[in-house]
Amino acid sequence: MRIGPIQLATPFCQAGLAGYSDRAMRIVARRRGCPYAVTEALLDVILLSGGQGLRNSVDIDEEDHPVAGQIIGSEPESMAKAAKILHEFQYDVIDLNFACPVKKIKNKARGGHMLRDLERGKGIVRAVRDAIPNAVLSVSLRRGFDDSAESTDQFWELLEFVFDNGCAAARVHARTVEQKYLGKSRWEFLKQVKERFPHRTILGSGDVFTAEDAVRMLKETGVDIVWIARGAIGNPWIFEHARLLLENPQIELQPPMILQQKHALFTHFQIAGQIHGEALAGRRMRKQGIKYARFHPRAAEVKEAFIRVSSMRDWMAVLDQFYDLDGPGIWPTPTAVDEVNASAEMQSCEAR
């Protein structure tokens with residue numbers, strides 16, 4: 001449970017998710033047991049452009065630590081400059097995204113395409129390491145570009161290079177780049193990674209929807225930290241639930257009570273409004289609201305109400321109508337996982 005000098009209280013992490021994991025989502029999760037969080041992937045050229053784009057991208061505060069600033073790009077020089085910007089803004093970790101299945105830019109690799117353009121990926125690691133030699137670095141990877149033996153060999157070569165060149169941790173998503181977010185995540189591959197690098201910090205990623213999934217990944221694969229992505233959308237309680245389950249496998253977890261849900265929903269919109277302004281927060285928070293709605297006994301009605309939200313006033317009207325009286329929540333139905341799957345991680349990994 002360590003990333004370089006950073007000690008985590010529990011072996012769980014809120015992943016970066018495009019359009020979701022802003023400071024509002026991170027803070028709401030931190031107040032409910034999340035020990036470590038990652039920004040959505042920030043495009044290096046946006047960070048380098050300065051102005052409002054930069055100010056929006058580097059949004060952290062004193063409560064938002066430890067936090068990793070995740071960057072994505074194709075050129076060693078620009079990635080190094082972007083990493084230096086985040087380091088100067090006091091991000092605790094700089095994460096290099098070599099995992100997202102984004103499209104190539106002409107003939108240039110980016111994200112998961114680094115897994116078949118190893119020299120470019122190695123060049124980025126070197127450049128960032130040289131630019132900020134005292135920073136804590138991590139790299140996000142997939143298990144390969146495709147299912148070929150050559151791709152698997154390239155994964156191992158790149159991961160070996162990452163650790164040999166001073167990176168403190170690696171996050172491995174157990175799907176290939178070509179799979180994107182389709183098909184099952186091969187957790188047995190994560191086990192192989194940890195067995196091959198027993199003294200390195202490995203974060204495991206893919207198909208973690210519930211607290212039970214998070215604990216099961218730890219036990220089945222041996223990874224050091226579980227990267228929770230889709231499972232954290234609309235469910236900031238997953239981190240505390242995973243901790244409780246890890247401490248006592250026999251515990252019967254309870255879904256959040258109605259007033260617990262209301263408090264999280266109010267805080268989430270309030271912080272989002274401070275960051276984005278009310279109009280943009282309204283648009284961003286609709287998709288958050290419909291994920292929170294899964295825990296409400298009248299989930300379908302609440303979901304429809306959140307879809308119509310465009311302001312804080314609308315948001316409060318939904319809370320007043322459906323969350324005014326306390327009572328037990330419900331566990332989401334299995335089909336609710338499919339909704340999150342379709343609408344969240346299958347988006348582009350780049351920051352908008």
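Biologist: What do the buried residues of H8 pack against?

Modeller: Quick ground rules: this is a predicted model, where local features need pLDDT of at least 70, side-chain atom pairs count only at pLDDT 80 or more, and totals for chains, interfaces and linings use all residues. Residues are numbered from 1 along each chain as its sequence is written, and side-chain values use heavy atoms, with hydrogens and water left out. Helices (H or I, at least four residues) and strands (E, at least two) are DSSP runs numbered from the N terminus. The buried residues of H8 pack against S3, helix H7 (187-196), strand S10 (201-205), strand S11 (225-228) and helix H9 (238-247).

Biologist: Which residues of helix H8 are buried?

Modeller: Buried means under 20% relative accessible area, exposed over 50%, partly exposed in between (1.4 Å probe, protein chains only). In H8, residues 211-221, that gives Ala-211, Asp-213, Ala-214, Val-215, Met-217, Leu-218 and Thr-221.

Biologist: Which residue just after H8 takes a positive phi?

Modeller: Look directly past the helix end. The phi there is about 80 degrees, and the residue is Gly-222.

Biologist: On to H10: how far apart are its end C-alpha atoms?

Modeller: The expected span is 1.5 Å times one less than the number of residues. H10 runs over residues 258-276, 19 residues, so it should span 27 Å. The model agrees, with the ends apart by 27 Å.

Biologist: What covers the buried residues of H10?

Modeller: Among those buried residues are Ile-258, Leu-265, Phe-269 and Ile-271. Their cover includes helix H1 (23-30), helix H11 (278-292), helix H12 (299-307) and helix H13 (312-322).

Biologist: Is Asp-22 buried or exposed?

Modeller: Asp-22 sits in the loop between strand S3 (12-14) and H1. Because its relative accessibility is 9%, Asp-22 counts as buried.

Biologist: Which side chain does the side chain of Asp-22 join in a polar contact?

Modeller: Beyond four places in sequence, Asp-22 is in contact (heavy atoms within 4.5 Å) with His-276 and Arg-284. A polar contact is a pair of N or O atoms within 3.5 Å; within protein, one must be able to donate a hydrogen and the other to accept it, and residues adjacent in sequence count only if both atoms are side-chain atoms. At 3.4 Å, the partner is Arg-284.
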